Amino acid sequence: LWSSFMTRPENKLNATQLAKKRKYEDSRTDKEVESIRWALSKSMDLWYAHAGTSVFLLTEMPARFTRPTYDESGWTTYERCCTELVKENELDYANWRLVHELDTSGIPKNRRKSSHTMPRKGRRWPIGPHDFDVIIKNKAFTNGADCDSVSALYRRLSTELLGSTLMLDFESMPPPTEEDAARLGRCLNLCDHLETLNLNSVHMSDSASVALFSALSDNALPMVKELALNDNRIDDAGMQALADAFSRGALRRIRNQYTNPSDRSLDDKEAFNQLTSGINLAENPGSRSPISSVLGAPIF
């Protein structure tokens with residue numbers, strides 16, 4: 001009973017097509033309908049969001065397809081955002097990216113290979129529930145009512161997943177724009193149990209770092225004990241924005257690690273190692289003085 005026209009919005013179907021679509025939908029048994037609803041609301045996001053799955057994104061469609069593109073579609077936007085929440089950028093030991101975008105547009109045909117080493121776009125920076133609500137309203141759905149359902153699904157998933165993850169590893173991802181960085185900051189506000197945040201070698205600009213640190217709420221990242229920001233472009237403005245985040249109460253565990261080093265002094269090797277592992281700002285051009293002033297300890 002299925003026909004390809006059924007993927008179009010219902011307001012684009014004529015009476016005959018709409019009747020055929022209703023006949024197709026009515027052909028499902030009650031158990032099939034129940035299964036579909038359960039999968040949509042309970043388990044579908046795990047296929048995309050799980051930190052142990054590899055996801056392949058077929059974002060380049062044949063020219064003959066008239067349906068909305070991958071980036072215009074609501075469901076594929078949802079699936080991609082789920083995929084890009086908490087996965088590592090790359091498994092170094094396996095030389096394997098967990099997110100593979102199979103779009104070969106822009107790559108000369110003589111350079112297109114079947115090998116996973118072919119240059120492809122990788123994962124993007126994560127998007128939290130507030131920003132997702134804004135984005136999804138402009139996407140296309142076959143059933144217009146799906147928009148609100150997808151927003152609710154993503155809010156539940158992103159809140160639970162970001163709230164429970166212990167490590168986020170973005171090392172060597174493409175440089176974030178200011179918008180990317182601000183969105184990341186809003187995601188981090190949900191990370192109540194995060195212990196390690198790795199932003200090494202993403203070549204984040206000073207303006208992007210200001211956007212990131214300024215987006216952190218007063219009590220953001222209370223459990224983070226390792227903040228890796230090595231090999232970026234964070235200058236004086238970014239350093240000040242990070243110091244301001246500490247002053248507002250963000251990154252409480254790291255701040256306590258520096259300001260309350262128990263009864264140990266910096267002469268104690270163990271205490272020194274503890275302090276220097278808290279924040280890594282090496283290979284950034286900005287002055288660490290504002291941060292050192294807030295934390296009352298030297299920052300390297």
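Here is a quick briefing, grouped by topic.

This is a predicted model, where local features need pLDDT of at least 70, side-chain atom pairs count only at pLDDT 80 or more, and totals for chains, interfaces and linings use all residues. Residues are numbered from 1 along each chain as its sequence is written, and side-chain values use heavy atoms, with hydrogens and water left out.

**The pocket**

- The largest pocket has a volume of about 1100 Å³; a pocket is an open set of points on a 1 Å grid over the protein atoms alone, with protein on both sides within 12 Å along at least five of seven lines.
- Its lining counts 29 residues (each with an atom within 4 Å of a point), and Arg28, Leu40, Trp75, Asn143 and Asp146 lie nearest the centre.
- Helix 2 gives the most to this lining, with 6 residues; helices here are DSSP runs of H or I with at least four residues, strands are runs of E with at least two, and both are numbered from the N terminus.
- By class, the pocket lining splits into 13 nonpolar, 8 polar and 8 charged residues.

**The cavity**

- There is 1 cavity of 30 Å³ or more, a cavity being a set of grid points where a 1.4 Å probe fits but cannot get out.
- Lining the largest cavity are Leu188, Leu197, Leu212, Phe213, Leu216, Leu221, Leu227 and Leu251.
- That makes 8 nonpolar residues, with no polar and no charged ones.

**The surface**

- Leu58, Met61 and Phe65 make up a nonpolar patch with about 270 Å² of accessible area together (patch residues have over 30% relative accessible area and no salt bridge, and nonpolar side chains are joined within 5 Å).
- Leucine 58 counts as exposed because its relative accessibility is 51%, where exposed means over 50%, buried under 20% and partly exposed in between, using a 1.4 Å probe and protein chains only.

**Salt bridges**

- The structure holds 14 salt bridges, each a side-chain nitrogen of Lys or Arg within 4 Å of a carboxyl oxygen of Asp or Glu.
- Arginine 186 and aspartate 131 pair up at 2.9 Å, N to O, and they link helix 6 with helix 4, 55 residues apart.
- Aspartate 131 is buried at 10% relative accessibility, while arginine 186 is partly exposed at 34%.
- Arginine 22 bridges to glutamate 10, with the closest N and O atoms 3.0 Å apart.
- Glu10, Lys21, Arg22 and Glu25 are linked in a salt-bridge network.

Notes
Points joined across faces, edges and corners; volume = space filled by probe spheres on them. Nonpolar A, V, L, I, M, F, W, Y, C, P; charged D, E, K, R; others polar. Patch = residues over 30% accessible without salt bridge, like charges linked within 9 Å, V, L, I, M, F, W, Y side chains within 5 Å. Areas by Shrake-Rupley, 256 points an atom, 1.4 Å probe, with all protein chains shown as cover.
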